[in-house]
Amino acid sequence: MRADDGGAPIRVVLADDEPMLRRGLRVLLESGGAIRVVAEAEDGDRLVSAVRAHRPDVVLVDVQMPGKDGLTALRDLRALRQPPATAVLTTFDLDEYVADALRFGANGFLLKDAEPAVLVRAVQDLAAGGAVLDPRITARLLPRLRSIGDTTREARLVRSLSAHD
């Protein structure tokens, strides 16, 4: 049960090397009361430690951070006994980052210029067991993934996400 249906708030960990961005995300996410940021991390090592300590429902992680990057941290999180739902939140919409993030266990990939309401809804969807993908990335990747058939996990995931929009 979650705050939006009368339950406890959705617990989130933010990982980004920019303190101002983390602060802004915290204010945005916590503004409605249904989401609580339980920890912040500026690199992948601190992210993994924060997830172990706080057991969040959702993790938002940037790709490029000093030390252990976000993609490597995703692999570490996936190895946990009960990994949280994870989404990459970045300015880099490179296809290789999207594919790596999905391969390393991310449940979503969002761009930092997303509308605030989209980001809040994405966290709620992730906490409910859903998956999220920025519509611009879906539009760009879907034609290529259709051409390779149904054989890859990434292709099936992108098709299911595009049906969700």
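Helices are runs assigned by DSSP of at least four residues, numbered from the N terminus. With that convention in mind, this tour of a predicted model begins at the end of one such run.

**First stop: the end of helix 4.** Please select Gly-105, which lies just after helix 4 and takes a positive phi of about 105°.

**Second stop: helix 4 itself.** Next, select residues 95-103, which form helix 4. Within this helix, Tyr-97, Val-98, Asp-100, Ala-101 and Leu-102 are buried. In general, an α-helix has 3.6 residues a turn, so residues three or four places apart point the same way.

A pair of packed helices is described by the angle between their axes and the distance between the axes. The crossing of helix 3 and helix 4 is right-handed.

Rolling a probe the size of a water molecule over the atoms shows where empty space is left. How many cavities of 30 Å³ or more does the structure hold? The structure holds 1, and about 40 Å³ of space lies in the largest cavity. To display its lining, select Leu-14, Ala-15, Asp-16, Leu-25, Leu-60, Val-61, Asp-62, Leu-89 and Lys-112. Strand 1 (10-15) and strand 3 (58-61) each supply at least two residues of this lining. Colouring the lining by class will show 6 nonpolar, no polar and 3 charged residues.

Technical notes
Residues numbered from 1 in each chain as written. Predicted model: local features only at pLDDT ≥ 70, side-chain atom pairs only at ≥ 80, totals over all residues. Heavy atoms only, no water. 1 Å grid on protein atoms, 1.4 Å probe; cavity = no way out; pocket = protein on both sides within 12 Å on 5 of 7 lines; lining within 4 Å. Points joined across faces, edges and corners; volume = space filled by probe spheres on them. Nonpolar A, V, L, I, M, F, W, Y, C, P; charged D, E, K, R; others polar. Buried < 20%, exposed > 50% of the residue type's maximum accessible area, 1.4 Å probe, protein only. Left-handed = near helix turned anticlockwise from the far one by under 90°.
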